[in-house]
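I opened the model to look up the ligand site, the salt bridges and a few backbone details, and I kept these entries as I went.

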Amino acid sequence: MIGRLAPTPKASPMTASTVTPYGTLPPASPVAARKPISLPRLNEMRERGEKITMLTAYDATFAAVADAAGVECILVGDSLGMVCQGLPSTVGVSLDTMRYHTESVARGVRRVQGTSWIIGDLPFGSYQASREQALHSATVLMQAGAHMVKLEGGGWTTETVRFLVERGIPVCAHLGLTPQTVHALGGYRVQGRGDTADKLRQEALALQDAGASMLVLEMVPAALAAELTLALTRCHTIGIGAGKGTAGQVLVMHDMLGINLGKNPKFVRNFMVGQGSVLEAMSAYVHAVKDGSFPDNALHAW
Ligand code: KIV
């Protein structure tokens, strides 16, 4: 059950709910009820110590539910290759597929007059060749409805990040376990341990200097992620398997709903447990991230 989306404070004929075969969509929210998430709003949250929540979504309905649950950032992740397309990794995902899903998510959020910040993931092969290729691919996702693009990789991406940011495209970088390079990394393993921690530190600082305003840290030791979060004052760290010390958290939606095809990674909590609907599960995730009860470093981190 997806769940009944939260009603807006004041219902009027202009804001009636819409009943569809798939559930009841929320009424169009009064524009003033929730302000759209923007980079300045994320900065304000960080300043007051409020954690940023992010979930992946790949279609209109789940995006609308995530928005209604209060998730600030929706990542149209290339993880859709694995969870939607059944691919063995994210390597086979095309730019056109990302465009299709980004459009679907953006329509879902608009459909409910939602406020989420939408991040489009640049897929493997769509930004590696040149800065111009990256600009072209980022333009495709921004025109599909993304507010920001995400790309994976360290030092070699710095100039690409700068190039995009200078042209008005907000960028989220991604370090640690970078699934698009899983074959080069030798598997889905913790990154940034021992001698490699220093390289990760330098890359994170260089990405901030290049203008990245967000940085996903995937499967890196909790202590390193917490240290980077303090060091990166202009770039919000978003952890996945990186402990509780980051500025925000992200999970793949299917994982946190307990419906993935394989074994859940250690850093995931199944938020459907004890909840009656997807909306409740996503709301529980938002609350747990905000009150610091998820992730638990003893259970979900290294
Ligand atoms: O594609 C994706 O879902 C991601 C998250 C795991 C951060 O990159």
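**Ground rules.** I am working with a predicted model, in which local features need pLDDT of at least 70 and side-chain atom pairs count only at pLDDT 80 or more, while totals for chains, interfaces and linings use all residues. Residues are numbered from 1 along each chain as its sequence is written, and side-chain values use heavy atoms, with hydrogens and water left out.

**Polar contacts.** I looked for N or O pairs within 3.5 Å, and noted a ligand oxygen 3.0 Å from a side-chain N or O atom of D78, another such distance of 3.0 Å for K150, and 3.2 Å for D121. The ligand taken alone exposes 260 Å², of which the protein buries 96%, by the Shrake-Rupley method with a 1.4 Å probe.

**Salt bridges.** I found 13 in the whole structure, counting a side-chain nitrogen of Lys or Arg within 4 Å of a carboxyl oxygen of Asp or Glu. I picked out E72 with K290, at 2.5 Å from N to O. E72 lies in the loop between α2 (60–68) and β4 (73–76) and K290 in helix α11 (residues 278–290), so the pair ties together parts 218 residues apart in sequence; helices (H or I, at least four residues) and strands (E, at least two) are DSSP runs, numbered from the N terminus.

**Backbone.** I noted a cis peptide bond between F294 and P295, with omega about -5 degrees. Q113, a residue other than glycine, has a positive phi near 50 degrees.

Technical notes:
A polar contact is a pair of N or O atoms within 3.5 Å; within protein, one must be able to donate a hydrogen and the other to accept it, and residues adjacent in sequence count only if both atoms are side-chain atoms.
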